[in-house]
Amino acid sequence: MTFRTHTLGWLTAAAASLLLSASLLSVPVSAQEGAHEQPTPARQSWTFAGPFGKFDRAQLQRGFQVYKEVCSNCHSLSIPFRTLAQPGGPEYSEAQIKALAASYKVKDGPNEAGEMFERAGRPSDNFPWAFANEQAAAAALGKSPPEMNLLAKARKYERGFPLFLIDPFIQYQELGPDYIYALLNGYSKADDPNYNDYYPGHKIAMGAPLSDGVVTYTDGSPQTLQQYAKDVASFLYWAAEPSMEARKKMGFRVMVFLIIFAGLLYFTKKKVWADVHGDAVTTH
Ligand code: HEC
């Protein structure tokens with residue numbers, strides 16, 4: 001009897017959690033219309049994937065360089081300069097951040113005369129955007145580029161059955177960077193600069209922003225489109241969640257705690273039921 005109720009309980013719990021995860025996962029899938037005509041971006045290997053994932057500092061610094069020299073001409077990334085110094089990120093020194101901030105002009109004010117003025121940036125300022133507003137960006141580029149803060153988390157695509165059932169178990173969460181990498185490498189028609197294999201509908205207002213050699217690395221990494229794309233996608237993933245490393249570390253500690261706790265519960269239960277049943281405890 002006890003055995004049957006236990007099994008039934010477990011089965012119900014398992015079925016419920018399967019249903020729950022399936023329904024949670026199908027939300028972004030159904031929200032994305034017409035996603036079928038694009039090929040699925042290939043899964044890349046990222047140092048920050050999985051429960052023990054960590055960013056590669058040198059890669060984040062290269063990715064920031066690509067962002068700064070190329071993407072920031074159009075896209076905004078409204079994070080404070082000093083975020084780039086915090087642990088778990090590119091970890092620039094305070095002095096480097098001060099110098100970086102000071103190289104930008106930031107709007108401030110109004111002063112006592114009631115006027116806005118420009119001053120050198122400080123580490124606590126956000127990166128300023130190259131455009132005054134979205135209308136100005138749209139007028140110059142045909143369409144206002146999306147802000148980059150959450151881009152690497154916001155872009156998802158359909159992985160299809162059965163992968164979407166497996167992904168939570170293998171903790172596959174890097175769809176955003178995989179998409180960005182594929183997109184940056186997806187300009188396949190030499191005669192149409194606005195054709196992209198991976199952009200929904202293929203017509204993208206952004207011409208290929210990267211090609212071999214456009215950014216000069218100082219650490220000897222290959223100066224190729226593929227390397228730039230990987231580095232900037234990593235950087236954008238970090239920018240979308242600057243405390244990812246701390247979260248994963250904490251998650252691991254919680255798991256260890258739960259395992260120890262489950263063990264303690266098990267032995268407590270055994271002990272308590274042993275007192276109740278006497279020798280009959282083996283029937284459980
Ligand atoms: C010349 C301006 C320009 C530059 C430089 C540029 N972008 Fe864009 N980007 C745009 C515009 C405009 C859009 C909107 C395109 C659209 O929706 O049709 C866009 C859209 C995007 C998107 C979103 C695509 C989607 O699914 O909606 C990503 C990702 C992106 N850019 C990444 C980058 C990266 C990474 C860089 C730097 C390596 C970069 N961009 C440099 C103008 C630019």
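Donors are N, O and S atoms within 2.8 Å of the metal (3.2 Å for Na, K and Ca), and water is not among the atoms, so sites may look incomplete. Six donors count as octahedral if opposite donors are over 155 degrees apart and all others between 65 and 115.

The structure is a predicted model, in which local features need pLDDT of at least 70 and side-chain atom pairs count only at pLDDT 80 or more, while totals for chains, interfaces and linings use all residues. Residues are numbered from 1 along each chain as its sequence is written, and side-chain values use heavy atoms, with hydrogens and water left out.

**The iron site**

The iron atom of the ligand has six donor atoms around it, and they subtend angles of 85 to 179 degrees, which makes the arrangement octahedral. For six octahedral donors the ideal angles are 90 or 180 degrees. The protein donors are H75, through NE2, and M206, through SD, at 2.0 to 2.1 Å from the iron atom. H75 sits in the loop between α2 (57-69) and α3 (94-102), and M206 in the loop between α7 (175-184) and α8 (225-240), so the pair ties together parts that are 131 residues apart in sequence. Helices (H or I, at least four residues) and strands (E, at least two) are DSSP runs, numbered from the N terminus.

Buried means under 20% relative accessible area, exposed over 50%, and partly exposed in between (1.4 Å probe, protein chains only). H75 is buried, at 10%, whereas M206 is partly exposed, at 26%.

Contact means heavy atoms within 4.5 Å. Leaving aside neighbours within four places in sequence, M206 is in contact with H75, L183, Y187, P193 and N194.

**Around the ligand**

A residue is near a molecule if one of its heavy atoms lies within 4 Å of it. There are 22 residues around the ligand, and C71, C74, H75, Y179 and M206 come nearest. The table gives polar contacts, which are pairs of N or O atoms within 3.5 Å; within protein, one must be able to donate a hydrogen and the other to accept it, and residues adjacent in sequence count only if both atoms are side-chain atoms.

| Protein atom | Ligand atom | Distance |
|---|---|---|
| H75, polar side-chain atom | nitrogen | 2.8 Å |
| Y199, polar side-chain atom | oxygen | 2.7 Å |
| A205, polar backbone atom | oxygen | 2.8 Å |

**Helices**

The protein chain has nine helices and two strands, in the order α-α-α-β-β-α-α-α-α-α-α. Of its 284 residues, 33% are buried.

The expected span of a helix is 1.5 Å times one less than its number of residues. The 13 residues of α2 should span 18 Å, and its end C-alpha atoms are 18 Å apart, which agrees. Buried residues in α2 include L60, F64 and Y67, and what covers the buried residues of α2 includes α3 and α8.

In α8, 15 of the 16 residues are buried, so the helix is largely enclosed by the rest of the structure. Helix α9 (residues 244-277) has 34 residues and reaches 48 Å from its first C-alpha to its last, close to the expected 50 Å. In α9, M244, E245 and K248 are buried, and the cover of its buried residues includes α2 and α8.

Methods: Tetrahedral: all angles 85-135°; square planar, octahedral: opposite > 155°, others 65-115°.
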